[in-house]
Amino acid sequence: MASSHPGGSGRPPNRLAHESSPYLLQHAHNPVDWWPWCADAFEEARRRDVPVFLSIGYSTCYWCHVMERESFENEATARLMNERFVSIKLDREERPDVDDIYMAATQILTGRGGWPMSVFLEPKTLRPFWAGTYYPPEPRHGLPSFKQVLEGMSDAYRDKRTEVMEQASKLGQAVEEHLASGGATHAQMPVAIGMGEVSGAVGALLKLFDRTDGGFGRAPKFPQPVYLDLLLDARRSAGDDATRSAIDHALTLTLDRMAIGGMFDQVGGGFHRYSVDAHWTVPHFEKMLYDNAMLLGVYADAARTLDDGFYARIVARTIDYLLREMVLETQPSNGPTNSRAFAFATAQDAEVDGHEGKNYVWTREEVMAALGDDDGAFACRVYGVDSGPNFKDPHHPDEPAVSVLRMQDRPEHTAAAMDMEVEAFTSRLDDVNEKLLRARAARKQANIDDKIIAGWNGLAIAGLARAGDVDARALNAARRAANFLIEHMIEEDATLYRIAKIGAGDDAHGGASSGETGGGVGVKHAAPLEDYAFVIHGMTTLAMKSESDRQVGVTVARALAARARDLFWDDEGGGYYDTMPEAPDLFVRARSTYDGAIPCATSVMIHALIDLHELTGERAYLEDAVGTLAAISPAVKSSPVSTANSTRALLRLLAGGMIEESSEAAEANAAARERAGNEEEGLRTPIEVYASVERVTVKDDEPAEVTVKLRVLPGYHVISPLSPVFAAGNDAAALVPLHAHIIGGSGVRVYADYPQGTPLATPGVDGTTGIEGVHGIEGEFELRLAIERDPDQPWKGNPLIAITFQACTNTACEKVRTLELDVAIDRG
């Protein structure tokens, strides 16, 4: 299963050949004189008085491979890099603490982020002075060539050193303010939070929910397990049937569409990274352990809560995939095979031979050749091949289109349409999948990143434990993975290592080895808070779900929690830092609160501490959980969706009676409910609003852009601000036009390009007197918003974008409503 990468035209290896990371080894034969992230590299840059070029990526990143082929394997580009920089290659999965810092810098500087990340550092303090992502070999699509960027950064460092150092200082300070305060504009005192934030998060998710295709927001669509977990918990405490019904609709449509779409590997099981379209058809083909671990738990809880056999089937097929393709074992021991410890690999690549998804896609001819006429016809109908190809590789436009296999509906509905009993249908589909999988296994396979990440294995243990009462194999798999961590990655003093590699033995670079067990396991990198939190979470979940594992799980979790408190606890403000104190290679000690594709360490730690309180009865764990939540309460209050997992912890504490809502929070919640009218009305507005991004950065000289999609429900329209009645200055005060504006703070302003609309019969608010010259906007449309600094106002509070509108039918207008967009505005 070890990953492999071509050795680059017989070139001698560079320093990366001594590393264990599959991503770094992929670059070991580049002509670039790469260094790993280490003190020697920084000292070399200082000695030569040249900037550091830092390239960050990971082994299954498609665009990382593209940039390597285009630039890092180019002799002329490599020569330029070697002459003018000390070039460092970093695996973001090995060092998430480093990645977080420079991703923040990239987002602050450019308003966006991604991998490969290309960052230029001044070598003394390692602060960045310029950052970007992918750069092409020649200028295109508004991007300079990579050579142009290299020359520009080198020349600036040589000829404009003062300006470069000032830029590095300012950008570094912005990163420190952003990361050291947990994402808030400044470090803040705790604030009152309660059910108002929970209700606000649920309401915002139901507004983001795509009622046509499921999921939240627009394409590309990510599975968002933290959102789904929050909704699953919220439905249990929903105060009325309407809210529970709305939550159930969002959950079931999203879970159904993900499971029948191409984002789920219909042949082999398991989930790909995300869908590039809104319909869950064409995925980005890489498979990540953390996605499958968290979605496994989500589908298991949904199967149990909603009594849904299809979700249980998805659980079983995801476990099939994990056990078949992601398990890493040491050499066989004398113990029985089904009890030997193992770990899970990190990820599978998106590409084969430079082609995205090459081993996953099919032509009709390939399906028929693998299955024969009868089963082939069955598969082509079930998996949509009869409808024609649905995927054309954008990077190879001359190649024919192919099919990503997907179902059109749930099995019971597809079976009924084919006049089959559902049991007979699924049995035949299982046989077909087995044959297709055998045929697919004969193809060249995608590389596997075979490093073992402690935290991601902790997520897998938790997901498998949650599935224990859905699939009989789950608890044993969770137990074996837990045993691997205990045996190889946790020291006697509860020190945890982030990375392990089977077969590395004592040769593991950058950390002590755990010794030889069969094939040998090498470990490296002292773990950040993320790994401690995720592994504790895995151990407590296993202890709560399996009585036979309770003692071991609690013992290990207690030891790790104590060690984590020693290493990461903030004695002054409470809560946890993400990294250890005084790390020489980090210029800021971060504390993240954002729950994205992976939940932040702090939010998972809160849940783990609540687990330990429930398992042991010890109040100290509860006090630390509450103290940690209080420390990040300003971030939760500012954006309960961006902190969805922490918001879920708040719900858990309140619903479980472990804390009482403060009078201030209760009053704020009541006032919010009164303003909203009632819960059902608040969740069923006649207009749905979706933002294209979750976060933007507004700089003094460069506005940020947000595209907002609005969907007006049939039978309604909203008033266009470009209506002739407003332009003419006539009295139209009785109607409020659609408009975007800023609330919650100052220092920024927003502009929008509004549609003209069409003349409609718009009544007055009293339902009797119409107003001439009013234009309405119906159906779906987009607003392009520009957010810029307001030089006349200081930056205060937490500015948010709001959309105000008045929805009308042809006979009546409703009250004016204002919807807040869940888009964080950062100051650049």
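Are arginine 466 and aspartate 229 buried or exposed? Both arginine 466 and aspartate 229 are buried, where buried denotes a relative accessible area under 20%, exposed one over 50%, and partly exposed a value in between (1.4 Å probe, protein chains only). The model is predicted, so that local features require pLDDT of at least 70 and side-chain atom pairs count only at pLDDT 80 or more, while totals for chains, interfaces and linings use all residues. Residues are numbered from 1 along each chain as its sequence is written, and side-chain values use heavy atoms, with hydrogens and water left out.

Side chains of opposite charge can pair when their charged atoms come close. With a salt bridge taken as a side-chain nitrogen of Lys or Arg within 4 Å of a carboxyl oxygen of Asp or Glu, the count comes to 69 salt bridges. In the salt bridge between arginine 466 and aspartate 229, the closest N and O atoms are 2.8 Å apart. Arginine 466 belongs to helix H16 (residues 454-466) and aspartate 229 to helix H9 (residues 225-236), so the pair ties together parts that are 237 residues apart in sequence. Helices (H or I, at least four residues) and strands (E, at least two) are DSSP runs, numbered from the N terminus.

Arginine 158 is exposed, at 52% relative accessibility, whereas aspartate 155 is partly exposed, at 29%. Arginine 473 forms a salt bridge with aspartate 471, the closest N and O atoms lying 3.0 Å apart. Here arginine 473 is partly exposed, with a relative accessible area of 33%, and aspartate 471 is buried, with 11%. Salt bridges also link Asp210, Lys221, Lys709, Arg711 and Glu780 in a network.

A pair of aromatic rings is described by the distance of the centres and the angle of the planes. Rings of Phe, Tyr and Trp (its six-membered ring) pair if their centres lie within 6.5 Å, with planes under 30 degrees apart counted as stacked, over 60 as edge-to-face and the rest as tilted. By this rule there are 28 aromatic pairs. Tryptophan 34 and phenylalanine 72 have ring centres 5.0 Å apart and planes at 85°, so the pair is edge-to-face. Tryptophan 34 lies in the loop between helix H1 (22-26) and helix H2 (39-48), and phenylalanine 72 in helix H3 (residues 62-72), so the pair ties together parts that are 38 residues apart in sequence. Tryptophan 34 and phenylalanine 72 are both buried. Phenylalanine 53 and phenylalanine 72 form a tilted pair, 6.5 Å centre to centre with 55° between the planes. This pair links distant parts of the chain, with phenylalanine 53 in strand E1 (residues 52-57) and phenylalanine 72 in helix H3, 19 residues apart. Ring pairs join Trp34, Phe53, Phe72, Phe85, Phe120, Phe129, Phe146 and Tyr157 into a cluster.

A charge sits over a ring if NZ of Lys or CZ of Arg is within 6 Å of the ring centre and within 35 degrees of the ring normal. Arginine 161 lies over the face of tyrosine 157, at 3.7 Å from the ring centre. The charged end of arginine 15 sits over the ring of tryptophan 35, 3.7 Å from its centre.

Isoleucine 777 is placed in strand E24 (residues 775-777) and is buried, with a relative accessible area of 5%. Beyond its neighbours within four places in sequence, isoleucine 777 has contacts (heavy atoms within 4.5 Å) that include Val712, His717, Leu738 and Pro755.
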